[in-house]
Amino acid sequence: MGNEVTLLAQEGLETVLGEIAGAFTTTHRAPARVVSTPPQDMRHRLDIYPAPDLIAVAGLARARAATRPGSTAPAVVFARGLPCLYLRPGLLDRPRPALDLLLDPGLRLGLAVAADGAALAGGVLDRAELLAPGARAATEARALPLPHLAGTGRGLGRGLRTGRFDLVLGLRCGAAVTLAACPGARVLDLPADLAATTDFALALLSGRPEAAWLSFFILSPEGQELLRRHGFGSVAETAESYDCARREGVMELPPCPVSALPPPTAPRKRRA
């Protein structure tokens, strides 16, 4: 299907974005597909293979770095990963603060990391350091890294089930898979003073109208609701980035086929 819109997604995002692309295709009869690649192979994939129409990656800076020079479409955040603690079955017989659990040397702590070794919920450690000086170094020294790309959780669930970990600091978007792999495990959402989110960003790489409107669909109420169902934080307000760019003339696009979003307003003709 040579006319389909191609979205290249960082591995782990393909499930939810594939569902969104399917909804877009069904609703608007515009074929779209999602191709996934490990984050460390993203640059190689862009350089060697035919360029996709859009990309979706962790981090706004990475999305911006992938855009072509002279691109008029801004990269935007389309979802946020919500940090949480995954607890093995039977770990707690009474409530305990999340920070106490993170710093308890008697608990085997797993740290979900991306392919480049960076903690997916690294912002949580930064906030823990502010609340308890020395917390970041102490946590990183005893934590075992666990590859856990966004949206996947089988390895995380196995680690909890087999007792390798008592708890794991990761992202909530992997909860369904993690809990299925480890029945009886629990998810502990973090308090506001610890809950630093992880941004996932989208960038347009082609000038095809269908690609632009797929990005609008991801930011639309329908797309954001599907993201929420998969455990991502909604950033529906980022649609304002496109609206603002459109009003300021940064983007010139044809009428929007997505029913959830209004078509761009045509400029008024000046009177002679």
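Which residues does Leu99 touch, not counting residues up to four places away in sequence? Leu99 touches Ala128, Leu131, Ala132 and Leu194, where contact means heavy atoms within 4.5 Å. This is a predicted model, in which local features need pLDDT of at least 70, side-chain atom pairs count only at pLDDT 80 or more, and totals for chains, interfaces and linings use all residues. Residues are numbered from 1 along each chain as its sequence is written, and side-chain values use heavy atoms, with hydrogens and water left out.

Leu99 lies in helix α4 (residues 98–103). Helices (H or I, at least four residues) and strands (E, at least two) are DSSP runs, numbered from the N terminus. Leu99 counts as buried because its relative accessibility is 18%; buried means under 20% relative accessible area, exposed over 50%, partly exposed in between (1.4 Å probe, protein chains only). Between Leu99 and Leu131 the C-alpha to C-alpha distance is 8.8 Å, at a sequence separation of 32 residues.

**Packing of α1**

Two packed helices are described by the angle between their axes and the distance between the axes. Axes are lines fitted to C-alpha atoms, for helices over the stretch in contact, and angles run from 0 to 180 degrees between N-to-C directions. Helix α1 (residues 14–28) has these two helix partners:

| Pair | Crossing angle | Axis distance |
|---|---|---|
| α1 and α10 (residues 221–229) | roughly 150 degrees | within 10 Å |
| α1 and α9 (residues 209–219) | about 115 degrees | 10 Å |

The α1 and α9 pair is therefore roughly perpendicular, whereas α1 and α10 are roughly antiparallel. Angles under 35 degrees count as roughly parallel, over 145 as roughly antiparallel, 65 to 115 as roughly perpendicular and the rest as oblique.

From α1, Val16, Glu19, Ile20 and Ala23 meet Gly223, Leu226 and Leu227 of α10. By class this contact has five nonpolar residues, one polar and one charged; Ala, Val, Leu, Ile, Met, Phe, Trp, Tyr, Cys and Pro count as nonpolar, Asp, Glu, Lys and Arg as charged, and the others, Gly among them, as polar.

**The sheet**

Six strands form an open sheet with mixed pairing, in the order β2-β1-β3-β10-β4-β11. Its edge strands, β2 (32–37) and β11 (232–234), each pair on one side only; two strands pair if DSSP finds at least two bridges between them. Strand β4 (residues 76–81) and β11 run antiparallel and are joined by three bridges, with Gly81 opposite Phe232 in β11. On the sheet, α10 touches β4 and β11, and its direction makes about 145 degrees with that of β11. Helix α1 lies across β1 (5–10), β2, β3 (54–58), β4 and β11, at about 170 degrees to β2.
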